[in-house]
Amino acid sequence: MKFLMWVCVDPELVGTAEDKPQDWVAEAGERRLEGHRLRPVSDATTLWPRDGGTFVSDGPFAETKEQIAGYDILECADLAEAIDVAAAHPVARFGAIELRPVWG
Amino acid sequence: MTDPVRAAVDEAFRTEWGHVVATLIRVTGDWDLAEECAQEAFAKALASWPRDGVPRRPGAWLTTAARNRALDKLRRGAAEETRLRGLALTAADDDEAPEPDDVPDDRLRLMFTCCHPALPLEAQVALTLRTLAGLTTPEIARAFLVPEATMAQRIVRAKRKIRNARIPYRVPPAELLPERTSGVLGVLYLLFNEGYAASAGADLVRQSLTAEAIRLARVVAGLLPAAPEAGGLLALMLFHDARRATRTDDAGDLVTLADQDRTRWDRTLIDEGVRVLDEALALGRPGPYQLQAAIAACHATAARAEDTDWARIARLYELVARLNPSPVVELNRAVAVAMADGPAAGLALVDGLAEGGNLAGYHLLPATRADFLRRLGRDEEAVAAYRAALDLAPTGAERRYLARRIGELDP
């Protein structure tokens, strides 16, 4: 089954050499279908389509200290395996990971 | 400086800066490079115009100079081949054939990019001033009373987001035009107010904000003739600016509209405002800027304060209230009604407002009420209302005015 994994961090705490997830990507192997880092929240755009128009504004929708720094899509047998894979993500040490099964 | 060449460069800077930068951004896609090359083109003008004379079309000269400079820099960068090809292509046909005036103007594209709703409002304003008006970062920082470093960061972030989030450099498609135009107009209005509200301080930077806002509003109104609110905003600015010299006395205190020396109002600006507003209203789609401009026009075109058409102003406020219902607008309408139909009619409206409770804590509500009561000869009630207003009034000047009124009625 597929899981979407959000890598959530306090942006002020990342940026060290140990953050580089290359080893993690190699280790996850075929269980990781794809993933990317995201540009910082200052480059985010939020939109609310309403009443036939779209209201656009700057900034992230969620005004929290921790922000989504990247995402990965995993293909794992179950949540336990997904947790195993996700827990090894180096950036997760600075924050948290949210795992969401893809509806299917 | 009286040097005519220097004056020509200054004039070209005011009128052509936005044009040169906008063209260079379109051609190179690089905001920083565009600004840098525009700057160098003006520096080059300062050096060569005294020697060679002021060119017949300064704007075209400057654009060509800036483009050649960009070409040089990119050539040195070498790797940028596609951009280089784009530059070379457009450079060839430019010297005698500038863009025809009826194609969407690069400045319009630039304005819609700077005022994109995905950028924070402060960044929209700062970016507009910097790229379209050529104000320096320290000037913008001073005008908005923030540290220079803060303003510099704001501008850098905005440019970075335009690049990273791929905010398109284009005039939005027709269906988005109305709402995006209102963003552009909102930024220009903010710019104008920032300069206008502070004109008592006679700070040159802030006065130049007013001038820039009007200049850019003229550009927008000219480029979007089918957008009546653009004309409405321009007219509104013109009426306000026409009265600028009379708004303060020698001591720097505010002079109310009724007491201003109308012979010193700028007739040329008022006439332009009337013309622009008539054209906008003729499109038959009234909006808040057009209505506010129409109200300002009633004041600006009255030869004496007592000639003011208050009945028309009251009707206009009623339309404003229908578009944007707000208790403050209702209060303004009550003042106009009191001038047109007498203080009793105004008092009835204000009492209705007070019962609604929306303006509790707003000192102008009891102050207006007090004024109506005073004019009705109900002195005791007026004094009580003035006292209520005095408790709420935020500024020293207003408190002094209210205390004086109380002293007159209750010696």
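Student: How much helix and strand do residues 41-103 of chain A hold, and how far apart are the end C-alpha atoms?

Tutor: Helices (H or I, at least four residues) and strands (E, at least two) are DSSP runs, numbered from the N terminus. In this predicted model, residues 41-103 of chain A are 14% helix and 44% strand, with the end C-alpha atoms 27 Å apart. An unreviewed UniProt entry annotates that span as "domain: YCII-related"; UniProt positions are given in the numbering used here, feature names are shortened, and annotations may be inferred rather than shown by experiment.

Student: What conventions apply here?

Tutor: Residues are numbered from 1 along each chain as its sequence is written, and chains are lettered from A and ligands numbered from 1 in the order in which they are written. Local features need pLDDT of at least 70 and side-chain atom pairs count only at pLDDT 80 or more, while totals for chains, interfaces and linings use all residues; side-chain values use heavy atoms, leaving out hydrogens and water.

Student: Which elements of chain A have the lowest and the highest mean pLDDT?

Tutor: pLDDT is the predictor's confidence in each residue, from 0 to 100. Where it is low, the predicted coordinates should not be read in detail. Chain A averages 87, and 97% of its residues score at least 70. Among its elements, strand E4 (residues 53-58) of chain A has the lowest mean, 83, and strand E1 (residues 2-9) of chain A the highest, 93.

Student: In what order do the elements of chain A run?

Tutor: From the N terminus on, the order is β-α-β-β-β-β-α-β, which comes to two helices and six strands.

Student: What is the helix and strand content of residues 19-77 of chain B?

Tutor: That span is 88% helix and 0% strand; the unreviewed UniProt entry calls it "domain: RNA polymerase sigma-70 region". For residues 111-162 of chain B, annotated there as "domain: RNA polymerase sigma factor 70 region 4 type", the values are 73% helix and 0% strand.
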